[in-house]
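Please have the sequence and the model open while I talk.

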Amino acid sequence: MALTAEELIEIERLLADAGAETSCFVELSRRFPQLAWARCDASDVADQPFRQFPRFDLHLLDGSDHCVQITADPARATGIVLAKRNVAR
């Protein structure tokens, strides 16, 4: 099931909160169980993020073909990689 525009807006709204912490991963995966979720450190992902937020980079996953890949097309996205950025407090 592909990511809808409404889902993407809600995900972006939650991640834009400057206080968003790692616990938001649990909340997002609870709210959107139809999407595949992965989390990692931002330094583990070489691809440009779809969006950047104060504490996270958001990458979209396309799992529609044989191999999962990062995509910039929300209409092809079947999952999310949430990459935590190192930020000074």
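Let me begin with a definition, since much of what follows rests on it: when I say that residues are in contact, or that they meet or touch, I mean heavy atoms within 4.5 Å. Helices (H or I, at least four residues) and strands (E, at least two) are DSSP runs, and they are numbered from the N terminus. What you see is a predicted model, in which local features need pLDDT of at least 70 and side-chain atom pairs count only at pLDDT 80 or more, while totals for chains, interfaces and linings use all residues. Residues are numbered from 1 along each chain as its sequence is written, and side-chain values use heavy atoms, with hydrogens and water left out.

With that in place, the chain holds two helices and five strands, and from the N terminus on these elements run α-α-β-β-β-β-β. The radius of gyration of the chain, taken over C-alpha atoms, is 12 Å, close to the 12 Å that the globule rule (2.2 Å times the number of residues to the power 0.38) gives for 89 residues, so the chain is as compact as a globular protein of that length. Along its principal axes, the C-alpha trace spans about 40 × 25 × 20 Å. Of the contacts in the chain with a separation of 6 or more, 57% are between residues 24 or more positions apart.

How do the helices pack? Helix H1, residues 5–16, and helix H2, residues 23–31, pack at an angle of about 165°, and their axes are 11 Å apart; here axes are lines fitted to C-alpha atoms, for helices over the stretch in contact, and angles run from 0 to 180 degrees between N-to-C directions. H1 and H2 are therefore roughly antiparallel to each other, a term that applies to angles over 145 degrees, whereas under 35 counts as roughly parallel, 65 to 115 as roughly perpendicular and the rest as oblique. On the H1 side we find Glu10, Ile11, Arg13, Leu14 and Leu15, which meet Cys24, Leu28 and Arg31 in H2. The residues of this contact divide into five nonpolar, no polar and three charged, where Ala, Val, Leu, Ile, Met, Phe, Trp, Tyr, Cys and Pro count as nonpolar, Asp, Glu, Lys and Arg as charged, and the others, Gly among them, as polar.

Now to burial, where buried means under 20% relative accessible area, exposed over 50%, and partly exposed in between, with a 1.4 Å probe and protein chains only. Of the 89 residues of the chain, 38% count as buried.

His59, by contrast, lies in strand E3, residues 56–62, and is buried, at a relative accessible area of 1%. Leaving aside residues up to four places away in sequence, His59 touches Val45, Asp47, Gln48, Pro49, Phe50, Ile70, Gly79, Ile80, Val81 and Ala83.

Thr71 belongs to strand E4, residues 69–71, and is buried too, with a relative accessible area of 13%.

Finally, Leu35 sits in the loop between H2 and strand E1, 36–41, and is buried at 6% relative accessible area. The C-alpha atoms of Leu35 and Thr78 are separated by 5.6 Å, although these residues are 43 apart along the chain.
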